[in-house]
Amino acid sequence: MKTLNIGVIGAGRIGKLHAENLAGMKSARLHVVSDLFIRGQEQWVRDIGGPKTTEKYEDVLNDPEVEAVFICSSTDTHVEMIEKAALAGKHIFCEKPVSFDVKETKRVMDVVRRTGVLLQTGFNRRFDANFRKVRELVSGGALGEPHVVRITSRDPSPPPYDYIRVSGGLLFDMAIHDFDMARFLSGSEVEEVYVKGAVLVDPEIGRLGDIDTAVTTLTFANGAIGTIDNSRSAAYGYDQRVEVFGSKGMVTVKNDFDHSAEWSTADGVFGDKPKHFFLERYQQAYKAETEAFVRSVLEGKPTPVDGNDALQAERIACAAKRSLLEGRPVKLSEIE
């Protein structure tokens, strides 16, 4: 079996996850990991099989043995790294979003197309078995014409303030997953966005220029209506639910739990809390997206989540941010 030599750039939480998944694959070989603070992580490096390490991401791109890279660094570095990786002839997996600037994303996508390398964006929720079933039912016509798409996405607790300062805010670092899911589940593009946001969890988040609570209304090209509600803090755990209602029926996806046991006593009916956060909830989805990327490169086939998917999610996020700031519905045509 042919294996793909891969370099991982960025060994933070998400970079470590991808590196560990790659280390466990027969069709991939984790060749090198780059991170500014890789020193001090020697035990983790040994645990994943002892790949080469470097503090400079350029070393990964200049390594002739590296065939593909996973870009897991901060968003503000993605465009530069994608461009350099493409020009170096490396296939690319990049965590979302590609950038905060639609023009920059379009420009670097042109570079990717010209060089002929493959690119996949890290919208891992598309690979969740439950959400894929919803997509299958909608695209197969089992629910008829979609009328309403509802997405609930709430984190168990806010991220660190340092993260919020550079993340692009709730609409880019968190809701962008939901914007992509809205396109994926509905099978339609978004034409208009309207956002109401508030600071209800932590006043410091507001002082940093962000919100921690939001409701977004979407208008789709196929006439359907969508709603997304986000919160930085759900006391009961990671809340991830969807519903698609159509002319012939409805499908829902509930939260995942460590167990499905439910017990009843004189004091009430009890069950488990949802899985704590995204690493637990989407563990299998992360593995599946990694396998899909490696398979695409080895077989020379298009990736399942390409640069256009990244671009469209960013356009929705930009429209959402403008809607929040200007207090009005924003058409995606304005973002061009």
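Biologist: Which residues are linked in a network of salt bridges?
Modeller: In this predicted model, the network of salt bridges links Arg126, Asp180, Arg183, Glu189 and Asp309.

Biologist: Why can side chains pair in that way?
Modeller: Side chains of opposite charge can pair when their charged atoms come close.

Biologist: And how many salt bridges does a search of the whole structure find?
Modeller: The search finds 29 salt bridges. One of them joins Asp229 to Arg154, with 2.8 Å between the closest N and O atoms. This pair connects distant parts of the chain, since Asp229 lies in strand β10 (residues 225-231) and Arg154 in strand β7 (residues 146-154), 75 residues apart.

Biologist: Is Asp229 buried or exposed?
Modeller: Asp229 is buried, because its relative accessible area is 19% and the cut-off for buried is under 20%.

Biologist: What about Arg281 and Asp256, how do their side chains meet?
Modeller: They meet in a salt bridge, at 3.6 Å from N to O. Here too distant parts of the chain are linked: Arg281 is in helix α11 (residues 278-281), while Asp256 is in the loop between β12 (249-253) and β13 (262-265), 25 residues apart. Arg281 is buried, with a relative accessible area of 5%, whereas Asp256 is partly exposed at 21%.

Biologist: Let us change topic to the helices. At what angle do α4 and α5 pack?
Modeller: Helix α4 (residues 78-87) and helix α5 (residues 102-115) pack at about 10 degrees, and their axes are 9 Å apart. The two helices are therefore roughly parallel to each other, as angles under 35 degrees count as such.

Biologist: Which residues meet there?
Modeller: From α4, Val79, Ile82, Glu83, Ala86 and Leu87 meet Glu104, Arg107, Val108, Val111, Val112 and Thr115 of α5. The residues of this contact comprise seven nonpolar, one polar and three charged.

Biologist: With which residues is Gly327 in contact, leaving aside its neighbours within four places in sequence?
Modeller: Those residues are Tyr194 and Arg322.

Terms used:
Residues are numbered from 1 along each chain as its sequence is written. This is a predicted model: local features need pLDDT of at least 70, side-chain atom pairs count only at pLDDT 80 or more; totals for chains, interfaces and linings use all residues. Side-chain values use heavy atoms; hydrogens and water are left out. Contact means heavy atoms within 4.5 Å. Axes are lines fitted to C-alpha atoms, for helices over the stretch in contact, and angles run from 0 to 180 degrees between N-to-C directions. Helices (H or I, at least four residues) and strands (E, at least two) are DSSP runs, numbered from the N terminus. Angles under 35 degrees count as roughly parallel, over 145 as roughly antiparallel, 65 to 115 as roughly perpendicular and the rest as oblique. Ala, Val, Leu, Ile, Met, Phe, Trp, Tyr, Cys and Pro count as nonpolar, Asp, Glu, Lys and Arg as charged, and the others, Gly among them, as polar. A salt bridge is a side-chain nitrogen of Lys or Arg within 4 Å of a carboxyl oxygen of Asp or Glu. Buried means under 20% relative accessible area, exposed over 50%, partly exposed in between (1.4 Å probe, protein chains only).
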